[in-house]
2 protein chains.
Amino acid sequence: MGIRYPVVQGGMVWCSGWRLASAVSNAGGLGLLGAGSMEPELLREHVRKCKMATANPFGVNVSLMSRQVEGLMKVIEEEEVKIVFTSAGTPRAWTGFLKERGVVVVHVVSSSRFAVKCEEAGVDAIVAEGFEAGGHNGREETTTLCLIPAVRCVTSLPLLAAGGIGTGEALLAAQALGADGVQIGTRFALTRESSAHEYFKQLCIGLEEGETKLLLKKLSPTRLVKGAFMTAVEEAEARGASVEELRQLLGYGRARKGIFEGDLVEGELEIGQVASLVRRMQDVEEVMQELMTGYERALMNRERWDASV
Amino acid sequence: MGIRYPVVQGGMVWCSGWRLASAVSNAGGLGLLGAGSMEPELLREHVRKCKMATANPFGVNVSLMSRQVEGLMKVIEEEEVKIVFTSAGTPRAWTGFLKERGVVVVHVVSSSRFAVKCEEAGVDAIVAEGFEAGGHNGREETTTLCLIPAVRCVTSLPLLAAGGIGTGEALLAAQALGADGVQIGTRFALTRESSAHEYFKQLCIGLEEGETKLLLKKLSPTRLVKGAFMTAVEEAEARGASVEELRQLLGYGRARKGIFEGDLVEGELEIGQVASLVRRMQDVEEVMQELMTGYERALMNRERWDASV
């Protein structure tokens with residue numbers, strides 16, 4: 001993909017607009033615009049601004065469950081976006097359309113079964129995302145540690161590990177497991193350049209272990225952050241709430257309210273488990289430098305490992 | 001601990017008797033007798049047989065929730081067991097007693113908060129076990145990938161990673177994250193030397209991703225294997241079954257029935273997520289060789305990593 005570091009910034013609703021994506025691309029990673037929370041014309045604006053803000057490659061993440069997917073793909077074609085990450089849905093749906101237009105296509109999966117489908121559909125690379133990831137998540141609940149080797153077994157395509165990756169040490173661990181690089185969401189969602197609300201970022205930076213939970217499994221499994229809404233969901237699920245009740249409780253537009261508007265009471269808050277390792281607000285350049293320093297430090301320790309075996 | 005490889009075989013109910021533990025110790029790892037499913041006199045028998053079967057160090061795992069804990073500790077004292085892994089409960093309870101008798105004490109945790117308590121209690125080392133592990137599990141649901149760096153931050157004690165580790169590549173990944181070694185349960189539970197029933201082993205060797213689930217969260221979170229009992233638990237939980245209903249459904253002695261007696265219908269079946277990476281029955285010696293080969297192979301790839309960054 002012509003990037004310096006094997007680090008992709010995951011496309012995230014309400015977090016990854018042109019500011020975050022261009023900052024990551026400028027810092028040597030691959031930034032992604034998260035189109036999941038955008039109308040087509042807003043995506044067009046972000047693509048244009050991102051092009052102005054960086055000369056480096058960047059991409060767009062499209063959730064194939066979006067009601068806007070046709071409109072978003074039209075904008076991607078018209079604005080000549082070069083790299084598209086698709087998530088949810090089947091890789092068969094849009095890979096052909098994108099490949100015909102010369103786009104590099106990467107699909108996000110949560111199982112090796114879907115990785116096989118990706119290869120059949122002709123994608124260029126795969127992101128395998130584990131249980132610890134924030135937001136929407138696979139039904140298998142396979143963690144990144146178990147998922148990466150499983151996906152590596154079934155495909156020789158370039159493979160990015162996602163879920164629970166927030167440090168250079170974890171990048172090295174992912175490579176040990178067979179990944180070529182990583183996709184990082186949470187750590188970048190909590191940078192200055194992320195468009196998430198300040199209140200949301202501060203809450204997430206203060207999270208302890210165990211303060212995110214994968215809930216809403218009867219609808220679509222989603223990793224939520226502790227707070228009023230999560231408590232309401234937990235209570236409803238403990239008493240066996242039906243799909244319909246949960247759908248009503250969730251309502252519409254809650255993620256925007258929580259993540260973008262900073263309403264920590266009414267909003268739906270989504271972040272990955274690895275938030276509990278993030279302890280201060282940083283800018284993207286600083287995060288990228290720390291990732292590489294941590295990676296080098298972990299590599300240096302390899303002599304110690306040799307000796308211990 | 002005077003072992004050749006930084007690999008501990010986890011003490012597991014109904015799997016790890018003297019045959020498995022001595023085989024692991026003979027192969028250069030540290031074998032553990034799983035006292036969680038033993039009466040004190042049975043533990044005594046296993047300790048004695050294990051001493052006969054290996055000249056290398058081995059240990060005993062004691063669940064501090066066991067109703068037999070006093071009796072088991074008495075046997076440990078009388079039989080002069082040198083290494084004890086304690087799990088569940090607080091490390092404060094028995095660490096003093098064991099240390100006074102010259103025993104090396106290792107406690108199993110699922111959070112960095114408990115790792116701090118371990119250090120305060122004076123344990124010699126810590127096992128940090130993530131969400132992907134089989135059987136009883138932490139309430140935080142923190143995965144091994146997120147847990148190891150968190151525990152490494154709060155303690156300088158020797159640290160073993162557990163949960164989701166079944167290959168040499170995963171051992172290297174665990175070390176990259178800051179662990180000194182690993183504790184492996186599932187992979188050893190499915191060897192010839194494990195005392196689990198053949199039917200149970202064959203079922204687990206055929207598992208696909210997503211076919212274990214962490215359930216019984218209202219009682220004590222437990223990773224179960226797909227089958228009649230897991231379906232019954234899932235149905236009960238989906239309709240909001242109370243603690244009391246779940247306790248009745250679980251009953252007593254189900255794990256023995258499932259794992260040891262091979263009753264795949266009535267039994268409670270417990271195994272880790274990483275079972276989906278185990279594809280054939282092996283003996284311990286073969287597993288240990290594969291672990292070390294995989295580890296070396298992953299280390300060799302490090303040149304590629306340098307180049308990619």
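Is the crossing of helix 1 of chain B and helix 2 of chain B left-handed or right-handed? Keep that in mind as we walk through this predicted model; the tour gets there at its last stop.

**Stop 1: chain A on its own**

Start by selecting chain A and hiding the rest. With a cartoon view you can follow its secondary structure, which comes to 14 helices and 11 strands. Switch to C-alpha atoms and orient along the principal axes: the box they fill is roughly 50 × 50 × 35 Å. Chain A has 309 residues, for which a compact globule would have a radius of gyration near 19 Å, and its own value of 19 Å agrees with that.

Now colour chain A by burial. Of its 309 residues, 55% are buried.

**Stop 2**

**Stop 2: the interface, seen from chain B**

Next, select the residues where the chains touch: 44 in chain B are in contact with 45 in chain A. On the chain B side, highlight helix 6 (144-154), helix 7 (168-176), helix 13 (284-300) and helix 14 (302-308), the elements that each give two or more residues to this side. Helix 7 of chain B provides the largest share, with 6 residues. Colouring this side of chain B by residue class shows 20 nonpolar, 15 polar and 9 charged residues.

**Stop 3: a helix pair in chain B**

Finally, stay with chain B and select helix 1 (residues 18-26) along with helix 2 (residues 40-53). Their axes come within 9 Å and cross at roughly 35 degrees. Here is the reply to the opening question: the crossing of these two helices is right-handed.

Show side chains to see who meets whom. From helix 1 of chain B come Trp18(B), Ala21(B) and Ser22(B), and they meet His46(B), Lys49(B), Cys50(B) and Ala53(B) of helix 2 of chain B. By class, the residues of this contact divide into 4 nonpolar, 2 polar and 1 charged.

Terms used:
Residues are numbered from 1 along each chain as its sequence is written. Chains are lettered from A and ligands numbered from 1 in the order in which they are written. This is a predicted model: local features need pLDDT of at least 70, side-chain atom pairs count only at pLDDT 80 or more; totals for chains, interfaces and linings use all residues. Helices (H or I, at least four residues) and strands (E, at least two) are DSSP runs, numbered from the N terminus. The radius of gyration is taken over C-alpha atoms; the globule rule is 2.2 Å times the number of residues to the power 0.38. A residue is buried if 20 or more other C-beta atoms lie within 10 Å of its own, exposed if 12 or fewer, and partly exposed in between; C-beta atoms are placed from the backbone. Two residues are in contact if their C-beta atoms, placed from the backbone, lie within 7 Å. Ala, Val, Leu, Ile, Met, Phe, Trp, Tyr, Cys and Pro count as nonpolar, Asp, Glu, Lys and Arg as charged, and the others, Gly among them, as polar. Axes are lines fitted to C-alpha atoms, for helices over the stretch in contact, and angles run from 0 to 180 degrees between N-to-C directions. A crossing is left-handed if the near helix is turned anticlockwise from the far one by less than a right angle, and right-handed if clockwise.
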